[in-house]
Amino acid sequence: MCTVCGCSGDGATISDATGGHAHAHPHEHGHGHAHGHGEGHAHALGEAHVHTHADGTTHSHGHDHGHGHDHEHAHPAGGTLDYGAGPARAHAPGLSQARMVEIETSILAKNDDYAARNRARFEAAGLLALNLLSGPGAGKTTLLVETLKALAGRLPTAVIEGDQQTDNDAARIRAAGAPAVQINTGKGCHLDAHMVGHAVEKLPLPPGGVLFIENVGNLVCPAAFDLGETKRVTLISVAEGDDKPLKYPDIFEGADLVLITKADLAPHVDADMAQLEANIRRVNPRADILRVSARGEVGLSRWISWLDKARAERLDALAAARESEALALRAAMAVGGER
């Protein structure tokens, strides 16, 4: 739905890296969020009620529902109303599937432009930028605080925090010794690349270090928005249920790494860890999967090792690219000198 209504932007505020005064973020610079809510709301009586079935066919009911919205959803066996079966994989009252796809394409194209700018800036700084995604309460901030403590003194870090309201999480990050900028999204349910770009302007980026971007706690909307990150990390706690990857596949499909958090609680919540990992692999067979805990014997060692490896690979790739650029420039100079 967010990729149709573009709900993320209006009313967002961004603090500075020390927790100072936040400023409003009205999404200027041509970054218009297309709110299609008013389109097609004729509310005319007697219009057809359109159903799209699982086989792609549609049929209309001529009976009066008292409004003019086209209702497109599949009717698979068992009585489930599947509003994600159409081309847009979503539903918005008053908007056809074609119009929803058009709006989504426009919104994501603008976001991708800002993401490309962020990515170029991260590459120039030699940063490993990680987009941390999860539902509320999976333990992102606690894991991040403990991670920053473990990395302190040996690896430079910075953090962008995303929440609808409060700067509680950014304050916790600063207390752990890392610079942090808080983005409050207001009614928005995810970060977008434009917000992150503004936050980066207020954050001292650690050259050759790691930038953690903690997204808004939401298992749906953040998955659609590229922030310019190097890698995407999805967290799920053992208490959330082993079927979550199947219920909310998008946020797992794009992950480079899935962290199963609060692993020390598994025996106490009857968590089926094998089934959870199997469901993650069913949705995303290429992702790494690690069990972690901010306490107990499971700990963070494998996560820290993954970070070290990812950072080393990132720096090697950037160094190789710059060496290639340097060779190309030298070759161009040599050709010019022969003339």
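Predicted model: local features only at pLDDT ≥ 70, side-chain atom pairs only at ≥ 80, totals over all residues.

1. Helix H3 (residues 140-151) packs against helix H4 (residues 168-175) at an angle of about 15 degrees, and their axes lie 9 Å apart. Angles under 35 degrees count as roughly parallel, so H3 and H4 are roughly parallel to each other. The crossing of H3 past H4 is right-handed.

2. Which residues make this contact? On the H3 side they are Thr 141, Thr 142, Leu 144, Val 145 and Leu 148, and H4 brings Asp 169, Arg 172 and Ile 173. By type, the contact of H3 with H4 comprises 4 nonpolar, 2 polar and 2 charged residues.

3. Trp 306 deserves a look of its own. Leaving aside residues up to four places away in sequence, Trp 306 touches Leu 130, Lys 231, Val 233, Leu 257, Asp 288 and Leu 290.

4. Is Thr 157 buried or exposed? With a relative accessible area of 15%, Thr 157 is buried, because the cut-off for buried is under 20%. Thr 157 belongs to strand S6 (residues 157-163). Not counting residues up to four places away in sequence, its contacts are Leu 148, Leu 151, Ala 178, Pro 179, Pro 206, Val 210 and Phe 212.

5. Two backbone angles are worth checking on your screen. Most residues other than glycine have a negative phi. Thr 166, in the loop between S6 and H4, has a positive phi near 75 degrees; this residue is partly exposed, at 41% relative accessible area. Asp 270 also has a positive phi, near 55 degrees. Asp 270 sits in the loop between S10 and helix H8 (273-283) and counts as exposed at 72% relative accessibility.

6. Finally, the chain overall. There are 9 helices and 11 strands, and 47% of the 339 residues count as buried. Among contacts with a separation of 6 or more, 67% are between residues 24 or more positions apart.

How values were computed
Residues numbered from 1 in each chain as written. Heavy atoms only, no water. Axes fitted to C-alpha atoms, helices over the stretch in contact; angles between N-to-C directions. Helix = DSSP H or I, 4+ residues; strand = E, 2+ residues; numbered from the N terminus. Parallel < 35°, antiparallel > 145°, perpendicular 65-115°, else oblique. Left-handed = near helix turned anticlockwise from the far one by under 90°. Contact = heavy atoms within 4.5 Å. Nonpolar A, V, L, I, M, F, W, Y, C, P; charged D, E, K, R; others polar. Buried < 20%, exposed > 50% of the residue type's maximum accessible area, 1.4 Å probe, protein only.
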